[in-house]
Amino acid sequence: MHERTIAELAHGLRAGEFSAVEVTEAFLRRIEALDGRLNSFITVTAERALEQARAADERLRRGGGGPLTGVPVAHKDIFCTDGVRTSCASRMLDSFVAPYDATVVERLRDAGAVMLGKTNMDEFAMGSSNETSFYGPVRNPWDTERVPGGSSGGSAAAVAARLVPGATGTDTGGSIRQPAALCGITGLKPTYGRVSRWGMIAFASSLDQGGPMARTAEDVALLLGAMAGFDPRDSTSVDRPVPDYAAELARPLRGLRVGLPREYFGEGLEAGVREAVEAAVRVLESEGAEVREISLPTTPLAVPAYYVVAPAEASSNLARYDGVRYGYRCEDPRDLEDLYMRTRGEGFGAEVKRRILVGTYTLSAGYYDAYYLKAQKVRRLIRDDFVRAFEEVDVIAGPTSPTTAFRLGERLDDPVTMYLSDVYTIAANLAGLPALSMPVGFAGGLPVGMQLIGRHFEEGRLLNVAHQYQLATDWHRAAPPGFE
Amino acid sequence: MSLGPDEVRRIAWLARVAIREEDIPDYARNLSRILELVEQMNAADTEGVEPLAHPLELPQRMRPDEVTEEDRRERYQAIAPLVERGLYLVPRVIE
C-alpha cells in the first residue's frame with residue numbers, strides 16, 4: 001500500500017480496490033512501526049484520521065468525493081488545526097491548541113484528504129536542518145546519522161520513508177525545497193500569494209509561502225490544485241484562477257528554454273551534486289529542451305539581504321508571544337516586564353532568539369536605512385535579475401542545495417554556515433517566484449535535488465518539466481533502505 | 001559590525017527576551033558573525049534603486065468596512081494562560 005503514489009491511491013479508492021480506512025490504517029501502522037527511527041511526527045491523530053477515513057468511504061460509496069478523497073496527508077506543525085495541538089516545534093506553543101483550521105488544512109480536508117498528524121520542523125521554521133525543534137531533531141531516512149534538511153524536515157522525512165504519501169510544508173528561504181532535496185522527494189514553493197497564509201504561523205510575512213511535498217510531480221500537482229486559490233482572509237492572497245495543474249503535466253518539453261545560472265555552479269558546490277544536476281540537464285536536453293547559460297549577477301547578495309528581511313519581519317511577527325493570550329508563560333513573574341522577558345527567554349530556543357535579536361537590532365533607531373531599506377533595494381536587484389533572465393528562458397535550473405545531507409550537529413553551532421545551505425533557494429523567496437526541487441540521483445549514497453525556478457504563477461510549467469523528467473527517469477522511485 | 005556584551009543586553013531588552021548572563025558571549029559572537037554576513041550587501045550599488053517591499057508589487061486589497069468576525073471570546077480565552085471573569089490577567093501594572 002505504502003509504495004502507491006497519491007494518484008494511484010486516489011484511483012484505487014475510486015475504483016473500490018481498497019477502502020480509505022484500509023489505506024489510513026496501513027499508513028498509521030507504518031508510522032507506529034518506523035517513526036521511532038526518524039521522529040518525523042510531533043503529533044499523530046490516529047482517531048481523527050480513522051473518523052475522516054470512514055467519512056471518506058461513505059462519500060466514495062455514494063459515488064461522490066473529490067480528487068483526494070481518502071488520501072492520507074500530514075501537515076507541518078505550523079498550520080493551525082482546530083482542536084489539535086499546533087506547536088510550531090516550540091516550547092512557546094507546546095500547549096497551544098488552535099481554535100481554528102488554517103485555510104490550507106480546510107481546503108485539503110474539503111478535497112477529501114485524511115490528516116494523519118502534524119510533522120516535526122525547525123522551531124518557528126527557523127533552520128535548515130530540523131535540529132532546532134523543541135521535540136528533538138528529525139533524522140534523514142537515507143542515513144539516520146544525518147539531517148533531513150529544514151525547516152520542513154519532518155514532512156520531507158515522512159514522505160521519503162513512505163509514512164505518508166504527501167505532506168504540507170512552508171518555505172521562507174528554502175524550507176520546502178532544501179529538505180525535499182536532502183530526502184529525495186519532490187517539493188514545490190508556489191508563487192507568493194498563490195496559497196493562503198491564513199492560519200499558517202507567521203515567520204517572515206513577505207517571504208512565507210505554503211506548498212506541497214510528495215514523491216512525484218504528479219502528486220505535488222494534485223495537492224497544489226487543492227491547496228491553491230484566493231482567500232479573502234489573507235490580505236496578500238492573489239485573486240487569480242487556479243489552473244488544472246494535472247492537465248499541464250503531459251506537455252512535451254520540445255522547445256523549452258532552460259537557463260543554467262553560472263552563479264549556481266561555482267565555488268562551494270559539491271562535485272557529486274554538480275554531476276547529478278548536469279546529468280539531469282542532459283535528460284531535459286534529450287527530451288527536446290534547449291539549454292543555455294545565463295547570469296543572475298546579484299546571487300551572492302541574496303543570503304545577506306535575506307538575513308536582514310527575514311529576521312526583521314520575524315522579530316515583529318514573534319512579538320505576539322507575550323505569555324498573556326496563549327502559549328507558554330513563565331512561573332511567578334515579578335512584574336509585567338519580567339513576564340515578557342522570561343516568558344520569551346524560556347519559551348524560545350537559541351536560533352529563534354538569535355533571529356529576534358538580529359531583527360530587533362536592524363530595525364532599531366538609526367539602523368533602518370543601513371539594513372532593512374538597503375536589503376529591500378538589494379531585493380529589487382535580485383528580482384530584476386530574474387525578470388531579465390525570463391526574457392531569454394522559460395525555466396531556470398540548478399542545484400537545490402550545494403551539498404547532500406550533512407551530519408547531525410555538524411553545523412548547529414555555526415549559524416552562518418547553516419544559512420549558506422540555502423544559498424540557491426533564497427533568491428526565489430525574495431523575488432516571490434515559484435520553485436520546485438526534484439530528485440535527480442545520488443552522491444555518496446545520498447539524494448541530490450535539482451531546483452527549477454519559474455515565472456510568477458507558472459507552477460504548472462515547473463510541474464510539467466518535473467513530470468516529463470520523472471517519466472524519463474526512476475530517481476523519484478528510489479526508497480531509503482529499511483523503509484522500502 | 002561587531003557587537004559587545006552591553007549591546008547584546010540592550011537589544012535583548014528592546015526585544016523583551018531574557019538572555020542568561022552566561023550565554024551573552026555566544027550571542028555577541030554569533031550576532032556579530034551574522035551582521036558581518038549581512039554587511040556584504042554594502043557591495044551593491046543601490047543608488048536610485050526603489051526598495052521592493054512586496055515581491056509582486058501588488059497593493060494591499062481593500063474590503064468593505066464591515067464586521068466579519070464573530071464573537072469567539074470564550075474559545076480564545078480558553079487557551080490563555082491566566083483568565084479571570086473574562087479578563088486576561090497580568091502582574092499589577094499600576095500600584
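This is a predicted model: local features need pLDDT of at least 70, side-chain atom pairs count only at pLDDT 80 or more; totals for chains, interfaces and linings use all residues.
Residues are numbered from 1 along each chain as written, and chains are lettered from A in the order written. Local features need pLDDT of at least 70 and side-chain atom pairs pLDDT 80 or more, while totals for chains, interfaces and linings use all residues.

**View 1. The fold of chain A.** Chain A has 16 helices and 11 strands. These are DSSP runs, numbered from the N terminus: helices are H or I of at least four residues, strands E of at least two. The C-alpha trace spans about 65 × 50 × 45 Å along its principal axes. Of the 484 residues, 62% are buried, meaning 20 or more other C-beta atoms, placed from the backbone, within 10 Å of their own.

**View 2. Helices α7 and α16 of chain A.** Helix α7 (residues 217–227) packs on helix α16 (residues 459–472) at about 155 degrees, axes 8 Å apart. Axes are lines fitted to C-alpha atoms over the stretch in contact, and angles run from 0 to 180 degrees between N-to-C directions. The pair is therefore roughly antiparallel, the term for angles over 145.

**View 3. The loop residue B:L58.** B:L58 sits in the loop between α2 (24–38) and α3 (73–77) of chain B. B:L58 is partly exposed because 13 other C-beta atoms lie within 10 Å; that class falls between exposed (12 or fewer) and buried (20 or more). B:V93 is 35 residues from B:L58 along the chain, and their C-alpha atoms are 42 Å apart.

Conventions
Angles under 35 degrees count as roughly parallel, over 145 as roughly antiparallel, 65 to 115 as roughly perpendicular and the rest as oblique.
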